[in-house]
Amino acid sequence: FKVLPGTKAAYSAACLFAKGDADFKWLILCGVPGNGKTHLAQAVAQEWLARGIKTKYHYLPRLFSELRSHIKQGGDTPGGQTVDDLVAELSLVDGLVLDDMGANYETPWQWAIIESMINIRYEDEALMLVTTNKDIRAFPQPLLSRFTDARISRIVVNDGADYRPRTKG
């Protein structure tokens, strides 16, 4: 396996975290779009599942789109859960991956849902991996305070460039 330039710190942190050898409960991966954060997050989720850790992975823009749709249709998800039930489930699952935090949403309702989930996970010191291409200093203060708590969280910048193939046009 070849580690791309600028991605070594993120790759190393994700490996330690996935295997349960890290001295932190939360991993926050930051970096430009297309540099492998989602790939690492999915690999961590797969390793957690293989280790028997009940894990949920959510691409946040899609999750919020689905939640808005369910609210418009009466408030229940396809499985019959209310939106509050789903948020509670995500708050309490053993391992949670939230991919692309801060992308394409920033309404007070959306931040309130995220803050609610993260606050519960913070109090329980439950495993969580977050990816973002945003500057976390722009996140609401309650989130920033928890993300920067060195006791449970590590913020790792993935300095790799966007490696997605480009077409000549």
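How many residues does helix α2 have, and how far does α2 reach from its first C-alpha to its last?

Select residues 37-50. This is α2, with 14 residues and a reach of 20 Å, close to the 20 Å expected at 1.5 Å a residue. The expected span is 1.5 Å times one less than the number of residues. Helices (H or I, at least four residues) and strands (E, at least two) are DSSP runs, numbered from the N terminus.

A note on the model: it is predicted, local features need pLDDT of at least 70, side-chain atom pairs count only at pLDDT 80 or more, and totals for chains, interfaces and linings use all residues. Residues are numbered from 1 along each chain as its sequence is written, and side-chain values use heavy atoms, without hydrogens and water.

Next, pick Lys37, Leu40, Ala41, Val44, Ala45 and Trp48. These α2 residues are buried (under 20% relative accessible area; exposed is over 50%, partly exposed in between; 1.4 Å probe, protein chains only). They lie on the same side of α2, because they cover an arc of only 140° around the axis. The arc is that of the directions from the helix axis to the C-beta atoms.

Show what covers them: it includes α1 (8-19), β1 (26-30), β2 (55-59), β3 (95-99) and β4 (127-132).

Now turn to the face away from the buried side. Gln46 and Ala50 are exposed there. After α2 comes Gly52, with a positive phi near 85°.

Last stop: Ile71, in helix α3 (residues 60-72). Ile71 is partly exposed, at 41% relative accessible area. Beyond its neighbours within four places in sequence, Ile71 is in contact (heavy atoms within 4.5 Å) with Val83 and Trp109.
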